[in-house]
Amino acid sequence: MNKQHTVRAFEEALSGVRADLLRMGQLTGKQLAAAAAFLGNDSTAPDATAIDAADNRVDDFEARIEHEVQQILALRQPMANDLRSLLSFVRMATDLERIADHAKNIAKRVVRMHANGESVDVSGTQALAARVQAQLAAILEAVESDDVAAARAIWSRDAEIDALFEKTFNDQLLNLCRVPDTAVNCTHLLFIDKSLERIGDHVTNVAEDLVYKVTGERMQRNQRISDSS
Amino acid sequence: MSTTMEAVGVKAQHLSAAELEQEQDFAGTVGDFTSPDPRMVCRGVNVWYDNKQAIRNVSLDIGRNEVVSMIGPSGCGKSTFLRCLNRMNDTIPAARVEGSIMLDGQEILDKDIDVVPLRARVGMVFQKPNPFPKSIYENVAYGPRIHGLCNSVAELDELVETSLTRAGLWNEVKDRLGQPGIGLSGGQQQRLCIARTIAVSPELILMDEPCSALDPIATAIIENLIDELREQYSIAIVTHSMQQAARVSQRTAYFHLGDLIEVGPTQQIFTNPGHKLTEDYITGRFG
């Protein structure tokens, strides 16, 4: 357990950034959950304006975190774990923003899939989405508790997501060839699969940043990325 | 009870329960206290003021052409340790120093050592600039003259110019060398003291809070000078400014309650220190 800062305002400023990052994480998780839920149920699909509005809220958090960190760097000259925390928070915010962007793109594609009306098998993509959502939820929990062991485990599990992505992607590519009438929605699914796989990569980035934040050790960034698509 | 134990017992009266626990937990300095090319080698240095121990078993090398900064809260022993390096503690009757401090292979704690030439080899710059009440020229010329370093006035003139140039002061004072040193600004006075120190060709320069009485511009000039002086000298600097330690030194040593808690490359100490006490101090979680 870290001691409190002697300067209370410094402590509050650091806590403020951390709290914002955790709120940004929750919001990003909700965005992804909502996008995944639309996939199998067109009655819950929102309009494009609502999707953009939700994404803008995440973007605002990223800008706020960057501003807060900039202020602390300029005014407090943080050192050691404080410095690593702030650098990590900025990087994590960038990855969360990218995750939210992917969630937005998924939601927009699902809206178009429903409008298009072609009936396609979405079960593979739903399974992939469920795994990615679980990874995101797990890393956000790890960030909240500074759990390095959990971060390393989450990082390692990305290989399973990559494998599942490849299988799902290949299955849907075959479907697209076999049933050309559903080519449009199959193509949307392929892009959604890729977005989900990229979200998995951003989760590993957050895991790497958490390990760096707590231990100072730099893991091999993006080592997990496999892209055979 | 051994002398050390008595001293710790006396010290313990001043410590809180948490500090006592830290004392008991101290298991030696974290990090490599040696240098691959040492100019000064300190091993097992202990200092007592009467029966109160101020430094406990400190080992640290100061390498050639490097700046080592010593940081830590007031009373941690960093200045006491610095003063050991040119036997300045000899001037305090109650002070007793034990251990080994070798300067280029010579034991400086040896009772037979003449401290006057030692203090020329290991020069010191203090917190407040302390020029002699003499002219700018005489401030620099005094040391070489008493140590018999020059054979002629021309040689002495050249040494004064070289020293003032290395201290980054020559261009500002070359037209008024006969004026009193105390008439200069604080930053200039401190550079004059540095010129005075380097005029006697030291091997090592000790600096005890050399910028704490200076404004930010004078501080920046001194810090730049420290970086330039490193090419010819070894420098040990005590500072309360962690940003200064980070800016000027290649290695940093953190002292706490008389122990050398941690020493390591400066960039590592300030980004990923190995000891919790170091981290608490440099992040402002002291006390």
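**Cavity and interface in the predicted model**

The largest cavity has a volume of about 40 Å³, a cavity being a set of points on a 1 Å grid over the protein atoms alone where a 1.4 Å probe fits but cannot get out, and the volume being the space filled by probe spheres set on the points. The structure is a predicted model, in which local features need pLDDT of at least 70, side-chain atom pairs count only at pLDDT 80 or more, and totals for chains, interfaces and linings use all residues. Residues are numbered from 1 along each chain, and chains are lettered from A in the order in which they are written.

The lining of the largest cavity (residues with an atom within 4 Å of a point) consists of A:Leu21, A:Leu22, A:Met92, A:Leu96, A:Leu140, A:Val143 and A:Val206. These residues divide into 7 nonpolar, no polar and no charged.

Chain A contributes 18 residues and chain B 16 residues to the contact between them, defined by heavy atoms within 4.5 Å. The two chains bury about 1300 Å², 41% of it on carbon and sulfur atoms; buried area is the accessible area (1.4 Å probe) lost on being put together, summed over both parts. Of the area that chain A buries against chain B, 46% is supplied by A:Lys3, A:Met79 and A:Ala80, more than by any other three residues.

Across this interface 1 salt bridge is found, a salt bridge being a side-chain nitrogen of Lys or Arg within 4 Å of a carboxyl oxygen of Asp or Glu. The salt bridge joins B:Arg285 to A:Asp82, with the closest N and O atoms 3.0 Å apart.

Terms used
Heavy atoms only, no water. 1 Å grid on protein atoms, 1.4 Å probe; cavity = no way out; pocket = protein on both sides within 12 Å on 5 of 7 lines; lining within 4 Å. Nonpolar A, V, L, I, M, F, W, Y, C, P; charged D, E, K, R; others polar.
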